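Trainee: I would like to learn how to read the features of a model like this one. Please take me through them one at a time.

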Amino acid sequence: MSARIGRAGDYLVASALELIGVQVAVVRADDFDLVAWTPAEAYRIEVKTAGKRSKQKTNQYHFDTRSGRTRRPMSGCDVVAFCALDIRMVVFRALAAVPTTSTLVPAQSFSVGYELDSWQAAIRI
């Protein structure tokens, strides 16, 4: 994935959070890309962006859920944001609910209203 696609995903996720009433800052630290604040807590968010649907399974998006240049399992974030850049939508999941190497997200998971629902579910765990 190009750096341009990754940056676009960061800003799309930040925009989605702002639109549902969550304050957010783009920080691009080693283990996370955004920090979001609710009245109760701050959350570190790792953004994973897919520019298009999986070539093998057109009804799913494939995300590499490893971190950094060494491709180690993610550990320094609280929430993972899966960004489908081609349709400009986001699904959030708590880190504990994310597999260690790759994640397939069904295309139908990216729907109007699910950004808020998935955010609320991700921060409850």
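Trainee: Which residue in β9 is the bridge partner of histidine 62?

Mentor: Leucine 104 is the bridge partner of histidine 62. This is a predicted model, in which local features need pLDDT of at least 70 and side-chain atom pairs count only at pLDDT 80 or more, while totals for chains, interfaces and linings use all residues. Residues are numbered from 1 along each chain as its sequence is written, and side-chain values use heavy atoms, with hydrogens and water left out. Helices (H or I, at least four residues) and strands (E, at least two) are DSSP runs, numbered from the N terminus. Two strands pair if DSSP finds at least two bridges between them; β4 and β9 are joined by 5 bridges and run antiparallel.

Trainee: Which side chains of β9 point to one face, and which to the other?

Mentor: In a regular strand the side chains alternate between the two faces of the sheet. In β9, Thr103 and Val105 point to one face and are buried. Buried means under 20% relative accessible area, exposed over 50%, and partly exposed in between (1.4 Å probe, protein chains only).

Trainee: How many aromatic pairs does a search of the whole structure find?

Mentor: A pair of aromatic rings is described by the distance of the centres and the angle of the planes. Rings of Phe, Tyr and Trp (its six-membered ring) pair if their centres lie within 6.5 Å; planes under 30 degrees apart count as stacked, over 60 as edge-to-face and the rest as tilted. The search finds 4 aromatic pairs. In one of them, tyrosine 43 and tryptophan 119 have ring centres 5.7 Å apart and planes at 80°, so the pair is edge-to-face. Tyrosine 43 lies in strand β3 (residues 42-50) and tryptophan 119 in helix α2 (residues 114-124), so this pair ties together parts 76 residues apart in sequence. Tyrosine 43 is buried at 8% relative accessibility, and tryptophan 119 is buried at 3%. Tyrosine 61 and phenylalanine 110 form an edge-to-face pair, with 5.1 Å centre to centre and 70° between the planes. Tyr43, Phe92 and Trp119 form one aromatic cluster.

Trainee: How many salt bridges does the structure hold?

Mentor: A salt bridge is a side-chain nitrogen of Lys or Arg within 4 Å of a carboxyl oxygen of Asp or Glu. The structure holds 2 salt bridges. Arginine 44 meets aspartate 78 in a salt bridge at 2.9 Å, N to O. Arginine 44 lies in strand β3 and aspartate 78 in the loop between β6 (72-73) and β7 (79-84), so the pair ties together parts 34 residues apart in sequence. Arginine 44 is partly exposed at 33%, and aspartate 78 is partly exposed at 28%. Glutamate 46 forms a salt bridge with lysine 48, their closest N and O atoms being 3.6 Å apart. Both glutamate 46 and lysine 48 are buried.

Trainee: Which residues touch the most other members of the largest nonpolar core?

Mentor: In soluble globular proteins, nonpolar side chains tend to be buried together. A nonpolar core is a set of buried Ala, Val, Leu, Ile, Met, Phe, Trp, Tyr and Cys residues joined through side-chain atoms within 4.5 Å. The largest core has 20 residues, of which Val13, Leu17, Leu34, Ile45, Phe92 and Trp119 touch the most other members. Helix α1 gives the most to this core, with 5 residues. A second, separate core of 16 residues includes Phe32, Met89, Val98 and Ala107.
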